[in-house]
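Q: I would like to learn how to read features off a model. Can we go through this one step by step?
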Amino acid sequence: MPSTTASEEKAALRRWVRSQPPQDHSPLEILFPALPQVAAARTVLLFYGVGREPDTRNLLVHLLNMGKRVALPRCLPGGEMEARAVTALEELEEGAYGIPAPPAGAPLVPREEVDVILVPNLCCDREGYRLGRGGGYYDRYLAGYTGTTVAWCPPALLVPRVPREEHDVPVDLLLTV
């Protein structure tokens, strides 16, 4: 029997996730801001949810109203990303892959100034490993990151084990209900 590689296992898991019904992501808006790490944070890096990901627009506004500096990722050539500060949803423009992102002129937020990162995922396991879309942007950004990383995963998308490769970085906290 031929063995499968982690990338093949990830591709199969992505197909499985796409076959699942849409999930309720509304608890994220309550659970994430209530984390002590978020309450203590000065700067939070969110993602802008698209497709089956959580809609994070209300969360962004809520964090701004809490007095947090909020950043969103901006994808760069070569598979890298950077954090850029935003003060309103209206500032966003179409970014890489059609995902709304801060404009290139938005204030750059150095990685060491980001206290908490909400990391996107398609599914997770209980060890904090997550399946992303496959571009590796977050794994590269998280390499060497010393703040707190958080992922939201609805129970139906919590799997026994996400396939792993050397470059995969687990999150510190997994939110589920």
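Q: Is Tyr97 buried or exposed?
A: First, a caution: this is a predicted model. Exposed means a relative accessible area over 50%. Tyr97 has 64% relative accessibility, so Tyr97 counts as exposed.

Q: Where does Tyr97 lie?
A: Tyr97 sits in the loop between strand 4 and strand 5.

Q: How many aromatic pairs does a search of the whole structure find?
A: The search finds one aromatic pair.

Q: How is a pair of aromatic rings described, and what is the geometry of the rings of Tyr97 and Tyr137?
A: Two values describe a pair of aromatic rings: the distance of the centres and the angle of the planes. For Tyr97 and Tyr137, the ring centres are 6.0 Å apart and the planes stand at 80°. Planes over 60 degrees apart count as edge-to-face, so this pair is edge-to-face.

Q: Which parts of the chain does the pair link?
A: The pair links distant parts of the chain. Tyr97 is in the loop between strand 4 (93-94) and strand 5 (100-101). Tyr137 belongs to helix 5, residues 137-142.

Q: Is Tyr137 buried or exposed?
A: Buried means under 20% relative accessible area. Tyr137 has 16% relative accessibility, so Tyr137 counts as buried.

Q: Which residue lies over the face of Tyr137?
A: Here the thing to read is a charge set against a ring face. Arg140 lies over the face of Tyr137, at 5.7 Å from the ring centre. In another case, Arg111 lies over the face of Tyr141, at 6.0 Å from the ring centre.

Q: Where is Arg111 found, and what is its relative accessible area?
A: Arg111 is in the loop between strand 6 (108-109) and strand 7 (116-118). Its relative accessible area is 29%, so Arg111 is partly exposed. For a sense of scale, take Glu165. Arg111 and Glu165 are 54 residues apart along the chain, and their C-alpha atoms are separated by 23 Å.

Q: How much space lies in the largest pocket, and which residues lie nearest its centre?
A: Read the volume, then the lining. The largest pocket holds about 710 Å³ of space. Its lining has 36 residues. Nearest the centre are Pro120, Arg133, Gly135, Tyr137 and Tyr138. Tyr137 is also a member of the aromatic pair.

Q: Which elements supply the lining of the largest pocket?
A: Helix 1 (6-19), strand 2 (69-75), strand 5, strand 9 (130-131) and helix 5 each supply at least two residues. Strand 2 gives the most, with four residues.

Q: How much space lies in the second largest pocket?
A: The second largest pocket holds about 200 Å³. It is lined by 18 residues, and His25, Arg52, Glu53, Asn121 and Leu157 are the closest to its centre. This lining divides into twelve nonpolar, four polar and two charged residues.

Q: How many disulfides does the structure hold?
A: The test is sulfur to sulfur, within 2.5 Å. The structure holds zero disulfides. For Cys123, the nearest cysteine sulfur is that of Cys153, 6.5 Å away. For Cys153, the nearest is that of Cys124, 4.4 Å away.

Q: Are Cys123 and Cys153 buried or exposed?
A: Cys123 is buried, with a relative accessible area of 0%. Cys153 also counts as buried, at 0% relative accessibility.

Q: How far apart in space are Glu91 and Ala106?
A: Read sequence separation beside C-alpha distance. Glu91 and Ala106 are 15 residues apart in sequence and 8.7 Å apart in space. Glu91 lies in the loop between strand 3 (81-86) and strand 4. At 29% relative accessibility, Glu91 counts as partly exposed.

Methods. Residues numbered from 1 in each chain as written. Predicted model: local features only at pLDDT ≥ 70, side-chain atom pairs only at ≥ 80, totals over all residues. Heavy atoms only, no water. Phe/Tyr/Trp six-rings, centres within 6.5 Å; stacked < 30°, edge-to-face > 60°. Buried < 20%, exposed > 50% of the residue type's maximum accessible area, 1.4 Å probe, protein only. Lys NZ or Arg CZ within 6 Å of the ring centre and 35° of its normal. 1 Å grid on protein atoms, 1.4 Å probe; cavity = no way out; pocket = protein on both sides within 12 Å on 5 of 7 lines; lining within 4 Å. Points joined across faces, edges and corners; volume = space filled by probe spheres on them. Nonpolar A, V, L, I, M, F, W, Y, C, P; charged D, E, K, R; others polar.
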